[in-house]
Amino acid sequence: MPLEIERRFLVSGSGWRVHAAEPQPLRQGYLASSEQGFTVRMRLRADGRAWLTLKAPADGIARHEFEYDLPSADAEALWALAPHRLAKTRYALALPGGDWVLDCFEGENAPLVLAEVELPDAAAPLVLPDWCAEEVTGDGRWSNAALACNPISRWAPATRSRYGWDPA
């Protein structure tokens, strides 16, 4: 089975920008998700490329991940049906140690910025850039599915304030 082994970090500052490739706007619609970590998601890029992704928990920080190309018209139809959605701009990052991306969230999840690195295995050594402020790997609140269902704009003011976001 295909596995995704990923670590996630809250981002502070803009030092990541010197490593960033071209921005890629994304829309993600969650068709199903469970507290156990199973999700069915559609993702649509601004260029029209789209995927259906199924994810399920595996051992440790690994997840089973299955992706299937979708015609963009089907993805648009699924977007309209998705009960939970989010939008973000993704940047591929030229950094060592794995496949790095950074997501700048929009709408109800702004001003959240998260970095992710896909690793060959969970024990792979990793040198963290100084703009990786806090690791949130394994904290379900920070998954994209959770953020689509419960965006940060709906979090308690004290929680928002802890991360430096205006609690108003």
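Pro111 is found in the loop between strand 7 (99–105) and strand 8 (113–118), where strands (E, at least two residues) and helices (H or I, at least four) are DSSP runs numbered from the N terminus. The peptide bond leading from Ala110 into Pro111 is cis, with omega near 10 degrees. The model is a predicted one, in which local features need pLDDT of at least 70 and side-chain atom pairs count only at pLDDT 80 or more, while totals for chains, interfaces and linings use all residues. Residues are numbered from 1 along each chain as its sequence is written, and side-chain values use heavy atoms, with hydrogens and water left out.

The chain comprises three helices and nine strands. Read from the N terminus, the order of the elements is β-β-β-β-β-α-β-β-β-β-α-α. The radius of gyration, taken over C-alpha atoms, is 16 Å, close to the 15 Å that the globule rule gives for 168 residues, so the chain is as compact as a globular protein of that length; the rule is 2.2 Å times the number of residues to the power 0.38. Along the principal axes, the C-alpha atoms fill a box of roughly 40 × 40 × 35 Å.

Of the 168 residues, 40% count as buried, meaning under 20% relative accessible area, with exposed set at over 50% and partly exposed in between (1.4 Å probe, protein chains only). The chain exposes about 8700 Å², of which carbon and sulfur atoms supply 54%; these areas come from the Shrake-Rupley method with a 1.4 Å probe, and for residues only the protein chains shown count as cover.

Charged side chains number 17 positive and 23 negative, and the centres of the two sets lie 4 Å apart. In this count Lys and Arg are positive and Asp and Glu negative, with His and the chain ends not counted; the place of a charge is NZ of Lys, CZ of Arg, CG of Asp or CD of Glu.

Lys88 counts as buried, at 1% relative accessibility. Its side chain makes polar contacts with the side chains of Gln28 (3.2 Å) and Asn144 (3.1 Å). A polar contact is a pair of N or O atoms within 3.5 Å; within protein, one must be able to donate a hydrogen and the other to accept it, and residues adjacent in sequence count only if both atoms are side-chain atoms. Beyond four places in sequence, the residues that Lys88 touches include Arg43, Asp103 and Glu106.

Trp131, in the loop between strand 8 and strand 9 (132–135), is also buried, at 4% relative accessibility. Trp131 and Leu10 are 121 residues apart in sequence, yet 8.4 Å apart in space, C-alpha to C-alpha. Leu10 is among the contacts of Trp131 outside four places in sequence, as are Trp16, His19, Trp100 and Ala115.

Thr39 lies in strand 3 (residues 39–45) and is buried at 9% relative accessibility. Leu54, in strand 4 (residues 50–57), is partly exposed, with a relative accessible area of 24%. Thr39 touches Leu54, and its other contacts beyond four places include Tyr30, Arg63 and Ala145. Leu54 is in contact with Phe38, Val40 and Tyr68, among others. Leu54 and Ala80 are 26 residues apart in sequence and 18 Å apart in space, C-alpha to C-alpha.

Key
Contact = heavy atoms within 4.5 Å.
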